[in-house]
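Work through the exercises below with the model open beside you. Try each task before you read its solution.

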Amino acid sequence: MFETLKNAFKVKEIRKKIFITLLLLLVYRLGCYIPVPGVDGSMFGSYIEEGSNSFLTLMSAVTGGALSQGTLFALGIGPYINASIIMQLLAVGIPALERLSKQGEEGKKKIAAYTRILTLVLAIVQAIGVIINFANQSGAINTAPFWDQTWLAYIFMAIVYTAGAMLTMWLGERITEHGVGNGISMIIFVGIISTAGQQLIIEPIQDTIANGFSASTLVSIIIFCVLAVIIFGLIVTVDLAERRIPVQYAKQVKGRKMYGGQSTVIPIKISGSGVMPLIFAFAIISLPDLIMGLFAPNWSGYEWYSNNISGGQGPWAWAYIIVLCLLIFAFSFFYAQIQFNPEDISKSIQQNGGFIPGIRPGKPTADYLKKISNRITLFGAIFLSLVAFIPSLAFSFAGTGFVNVFSTTGILIVVSVALEFDKQLQSKLMMKNYKGFLK
């Protein structure tokens, strides 16, 4: 990766794209520190840190701490991600959207427009939910700057947070268009890295200045870094692993030319679903917690659910692990069916005169691909379930004090985005070399 970066900076066009990406990411990070009038950021932070809702903790890490501080980009890229996921699901269930998704660039532009509209709707809903939810916490919302008019304060804050979410989406799209890599992924990556840097570098330095040098803090950081390198190495290994199914194409004579006769492979990645099953699982298990906190914060059932099912430390806390694992398995198989369709791939192979050695074309090929996909998806679901708990348990057992820095989805996001960024740079360098060869 370092060699790729070195070669990329030697090319003027790629170097310009990298600087544009860094500039837009800097604009995003500056927006994460712009305060919103009437919002007490310290109350936001204390509610998220002391609460048991792991989904809010995750979203705060993804936004680089903007949610815990109640700043302009508190919603971050969350509404756009949710809108994209909903559009993917609707494209599977609604024939009109499915046909639109197969119409090339024109269809993609229409789906992107629908996604932006849905992002706006979700941003408004989430902004209202966040404001009302945190308003139930004492002192989180201050209406004094609005002449003590609660409704005026809520409307203003909802507009500001919605605008922040839409601006974040715009920055991500500009990075994708003019920069390097997927802009949405880069924004999430920067948010998680900045959260980790805050806890690993800035907070220990502040603690050292206030209380003097502490050997225990230094030991904790060293232990954390060693564990992080080991866990990251294992995750990179699994992330790059794939099952390659050989496909042989028969020779065909068309006119005076001969086609086919080539061998290729169908790569099926173990972690093909990426981090999506984890995000789905955390969102579903935290949804009742968010709804009860919004409409019935004083209800006894809300406290029981938060302490037992939503990641708390209650007597039924083991149920949280079981429910989360079941949701991860369910969404892993569901998302695998969306991304990998054995019937379509079997038809495509047969139409192009190909076959899998030892397997008859048609339905036997589809059944074979389905069996392989289910096995790999099962292993991937087990892997995601382990990632959801092993890193946090390892850091907690080591007593590092940095359990939430790179836990669960944060690890997968950082690894996958870094690998994707490296592949994007390599592809751009390859395209540049091809252009030079053609000239």
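Predicted model: local features only at pLDDT ≥ 70, side-chain atom pairs only at ≥ 80, totals over all residues.

Residues are numbered from 1 along each chain as its sequence is written, and side-chain values use heavy atoms, with hydrogens and water left out.

**Exercise 1. Find the order of the strands in the open sheet, and say which strands stand at the edges.**

Solution. Start with the terms. Strands (E, at least two residues) and helices (H or I, at least four) are DSSP runs, numbered from the N terminus. Two strands pair if DSSP finds at least two bridges between them. Now read the order: the 3 strands run 4-1-5, with antiparallel pairing. Strand 4 (263–269) and strand 5 (354–355) each have a single partner strand, so one side of each has no neighbour in the sheet. Next, look at one pairing. Strand 1 (residues 242–249) and strand 5 are antiparallel and joined by 2 bridges. Q248 has F355 of strand 5 as its bridge partner.

**Exercise 2. Identify the residues that touch the most other members of the largest nonpolar core.**

Solution. A nonpolar core is a set of buried Ala, Val, Leu, Ile, Met, Phe, Trp, Tyr and Cys residues joined through side-chain atoms within 4.5 Å. Buried means under 20% relative accessible area, exposed means over 50%, and partly exposed lies in between (1.4 Å probe, protein chains only). The largest core has 80 residues, and Y161, I188, I235, L278, L324 and L412 touch the most other members. Helix 17 (residues 409–438) gives this core its largest share, 10 residues. A second, separate core has 10 residues, including V247, I268, I356 and I376.

**Exercise 3. Decide whether T168 is buried or exposed, and list what T168 touches.**

Solution. Locate T168 in helix 9 (residues 150–178). Its relative accessibility is 0%, so T168 counts as buried. Contact means heavy atoms within 4.5 Å. Leave out residues up to four places away in sequence, and T168 touches Y28, F73, G76, I77 and I187.

**Exercise 4. Count the salt bridges, then examine the R116–E173 pair and two others.**

Solution. A salt bridge needs a side-chain nitrogen of Lys or Arg within 4 Å of a carboxyl oxygen of Asp or Glu. The count is 4.

- R116 and E173 meet at 3.0 Å, N to O. The pair links distant parts of the chain, 57 residues apart, with R116 in helix 8 (residues 104–135) and E173 in helix 9. R116 is partly exposed at 34%, while E173 is buried at 15%.
- R174 and E177 meet at 2.8 Å, N to O. They are 3 residues apart in helix 9, so about one helical turn separates them. R174 is buried at 18%.
- K363 and D367 meet at 2.9 Å, N to O. They are 4 residues apart in helix 16 (residues 363–398), again about one helical turn. K363 is exposed at 61%, and D367 is partly exposed at 38%.

**Exercise 5. Name the residues of the nonpolar surface patch that includes V226.**

Solution. The patch is formed by L218, I222, V226, I230 and L234, with about 460 Å² of accessible area together. V226 sits in helix 11 (residues 215–240). At 47% relative accessibility, V226 is partly exposed. Patch residues have over 30% relative accessible area and no salt bridge; like charges are joined within 9 Å, nonpolar side chains (Val, Leu, Ile, Met, Phe, Trp, Tyr) within 5 Å. Accessible areas come from the Shrake-Rupley method with a 1.4 Å probe, and for residues only the protein chains shown count as cover.
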